[in-house]
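Thank you all for coming; I would like to walk you slowly through one structure this morning. Please have a look at it first, and then we will go through it together.

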Amino acid sequence: MALVIVLSFVVLLTGVVLAFFTRVSANRVVSAGSSRQWEADQFARSALSVIVGDLKQEVTSGLPVTATNIEPQRPEAPASGPNPIPNLVRRSARSNTGTRAAESSSTDAAVNGRAISAARWNKHYLVPRLSDADDSDTAPDPTAGFRVPDWVYVTDGGPEVISAPEQTALARYAYAIYDVGGLLDANIAGFPPDDVPAPTFGPKGVLAFADLTRVQMSKEGINGLVGWRNRESANSPEAFGSNSFGSGPAEKYSNWTLRRADGYLGVFPSASPAPAPPAVFSRTDQAFVSRQQLIAFRRTGDINFSAHALQHLTTFTRARNRPTWSDSETRLAGRFSLSRFDLFTNPATNGTPTSGPPPPIQQYFGLVYVAASATTAEHWRYVGATGNTLRSTIPVLEAGSNREPDLPVLLAYAYRLPPGASPRDVLSIVASLIDLRDGNNDPNNKTTWIEFTGPDGTPQKAFGADVIPEPGAPAPPTPDLRRPFRSVGEIGYALKNGTTSVNFASDSVDTPLLDLFTYEASATRGGTLSLNTQNASALAAVLSGTSIDRLNSSTISETVAETAATAIVAETRRQGGAAVGRKDIGRLAAAANVGGNEEAVEAVARALSDIAQPRTWNLMIDVIAQAGRYPRTATDLSKFVVEGEKRYWLHVAIDRFTGEVIDQQLEPVYE
Amino acid sequence: MNWVTPRLRPNLAFTLTEMLIAISILAMMVLFTTRLFNSAADVTTQSTKRIDADSESRAILDRIAVDVAAMVRRPDVDYFVKTPSNAQPGNDQIAFFSQVPGYYPSSGSESPISVVAYRISATRLERLAKGLLWNAESTSGTPLVFLPLTIEATWPTATNSDPDPPNYEIFGAQVFRFEYCYHLADGSLSATPWAGSNTSVNGFRDVVALEVAIALIDRQSKVLASDAQLTALADDLRDFEPSTMRSGDLAADWQNAINATTRMPKPAAAGIRVAYRSFPLIPH
């Protein structure tokens, strides 16, 4: 009996121990899985650090910046002809030296069957799809020319190239880098095509007036996008998914877009300038906070939004609003804001010196106001940013960094005016720009003139150009703008000495001005498009609908825009043809060959000058990391045991000239 | 006279001594086995309790990791977090927008963004995940909103302490203490989510990681302690002290307080575990 009792206890004990160890084993597996997932997350973040570090190394080792190295290296892009995958910069591949990749494709199945298909790699829709011709097929399967990334193995010595399975391998990752700076920012681009009139969108200047029909979006889809995104700033009554917008909301949307001063990085009403939004409101405008949200938006089905368009859209663009053109000794703090010309709508208030600091017009333009009198007409005196003595020359911009010169000094710097030279030509451009802007507050439309002294001290005049000329002024030109400037390209309407127009239709001495002025004055901004984009459709969207003259009599047609965009892409892709600064817009305008007179050709400059930028790399890094190990019996690189996986999309903006990481945004991707 | 040789009869019985010895040995074996069994039961019970607590803490922290990793980080969205003006003494509360699924209204097109919140209520950790519809999908369902609209004004449930079962789910039934602090870019720990001259969260630009500590008791031990005792112990577990604590000090401080507590039976206190994890907010 006792033996039976003992045996029973032994059986019970065995059962308890077995149950315990079973529980422990199961918990160990779960715990290991959790920790492996955490490891995969850490490896993915570390991989991103390595990749971003490589990009920054490419920046620092590629100085000075030239047309041959301003863009990130694209080792697999064709040397000539159209690029079939325009958004792809590079991928981790054994053939791409520097990526540290092994001869191990991510589509090869691991020991436990894990593999990354090409369709999974194109989950972001940045690669043209195999079924792009089929509107009903929304699968992300990429075009046949897309080769998936290879694995980079991480051993205890870090990421390194291995040719055979290593027992020290801890993880592996694969990645692809995409140029999203060459795409249209879906948080800003687009306007209701049937409700915004041509005089409003024609002058362009902001990405909001990009024609999204050029990137395969329907008008209904555009209305739905803008209606969801800007419902509050447009005060639209439409529900989600509505195909209509309305002229009233379209006008409100346009007005708010043109008044923004937030670098296109904010959302109404927090980004709203005066007048202030209503005191009581329950909603705001919207923004895509991630690319996955954009993809989900398209997938709702409520918005008629083609999957084709996703390869032309992004949700992240950043750029420092600083010029790239300069001589070798001077660096400007920023660009000269066109909104400063609004001061001339009230010249007496903004230009008359008082006992205090210089008035704003003197501060920015070096001019003081002289009211009309019995002996002299209303005019301006060039005295410089400080003081009250009539000047005979324009001071030279001092060498150094972070300079903020007034306009005559800036123009003299741009035109490389020799020290001691007459300021007449420069001041005539200033006067002409004043005449372009002051029209709606200058009922007599009189020509502006600026007084300065000659070398012998005699008073001299530099004339602008307006409808009613002053005695001695050149013949009047076509009417002025009668509105605020809409883009830097509109400086092309200015005249030198009343006769010769500023020329942005070719690579002229005037084109540095495109880099030194800005419509949007924020130090950091979004809503930009890379001047070296290889996505011709995105470029065509910006060009399409641009007014070819100040009277908005006609616009660049869709067909001409596409041809021009293709020509611009071809020009920037040729050896040594990449744009280094906005100065190159003149050259690209000539290459675009939209036809017509100089003003018509300059439409390209008016469309691109405030949107396009070449100095920032806006990239999306798609990385997949797997934690795991090689079993001892592994004989092939693909025989990796995957124990955890993590995927991230990192949007990063890197300044090509300084290597600064301007901003970054990390999206975890759950599949 | 016939003589009969007496046959030897086999002895089939144990002697008394043999019986006594055998019984003694068997009794010792039973005793030994019983003690072995009891010890094994104790060990397995303690280990099972620890596994239970660790499993729950791991599941909770893994979920928080997912929510924090998918957090919408922009300078123009609101966060309900610990700040100098919202010091949150005792158990902390946090609410933010995250790109994770949530509990959506019964109809309407669902956006991938939810309002996520964590709080302690009645000695248990609760999680709110309110799925948001797309803007203008519904006149009653509020979508993602940007500043100056705040989470507190738009979804007060996410930021108050009112019992609200329909919106919150019991996420950690054994968790009775929840505390977090910020790991700033300069390497210091802080109870303020900004540094230097900054005065707002600004998308957590100054924060590199969120450090979270939770204290939880396993199910079996919880039976031995009342909610009032757990609440009292929670009050004894200090808040993060930015001036004196470094990473890991908070967990050690809590453990010392738990070891020394007299607010509940020792077996209950022995079942309390402290878990601490850092959740990165920087991309890499």
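This is a predicted model: local features need pLDDT of at least 70, side-chain atom pairs count only at pLDDT 80 or more; totals for chains, interfaces and linings use all residues.

When I speak of accessible area, I mean a value from the Shrake-Rupley method with a 1.4 Å probe, where for residues only the protein chains shown count as cover. Residues are numbered from 1 along each chain as its sequence is written, chains are lettered from A and ligands numbered from 1 in the order in which they are written, and side-chain values use heavy atoms, with hydrogens and water left out.

Let me begin with chain B. Its accessible surface comes to about 13800 Å², and 56% of that belongs to carbon and sulfur atoms. Buried residues, meaning those under 20% relative accessible area (1.4 Å probe, protein chains only), make up 48% of the 284 residues in this chain. The C-alpha trace of chain B spans about 130 × 50 × 40 Å along its principal axes. In chain B there are six helices and eight strands, where helices (H or I, at least four residues) and strands (E, at least two) are DSSP runs numbered from the N terminus.

Now to the interior, where a nonpolar core is a set of buried Ala, Val, Leu, Ile, Met, Phe, Trp, Tyr and Cys residues joined through side-chain atoms within 4.5 Å. Which residues of the largest nonpolar core touch the most other members? Of its 143 residues, they are Leu184(A), Phe341(A), Leu367(A), Phe517(A) and Leu608(A). Helix α10 of chain A, residues 424-438, gives the most to this core, with eight residues. Apart from that core lies another, of 54 residues, including Leu61(B) and Tyr182(B).

Leaving aside neighbours within four places in sequence, Phe517(A) is in contact, that is, with heavy atoms within 4.5 Å, with residues including Phe336(A), Phe341(A), Leu411(A) and Arg582(A).

I will finish with helix α14 of chain A, residues 585-592, which is mostly covered, since six of its eight residues are buried. Among them are Ile585(A), Arg587(A) and Leu588(A), and what covers the buried residues of α14(A) includes α11, α13, α15 and α16 of chain A. After α14(A) comes Asn593(A), whose phi is positive, near 55°.

Key: Buried means under 20% relative accessible area, exposed over 50%, partly exposed in between (1.4 Å probe, protein chains only).
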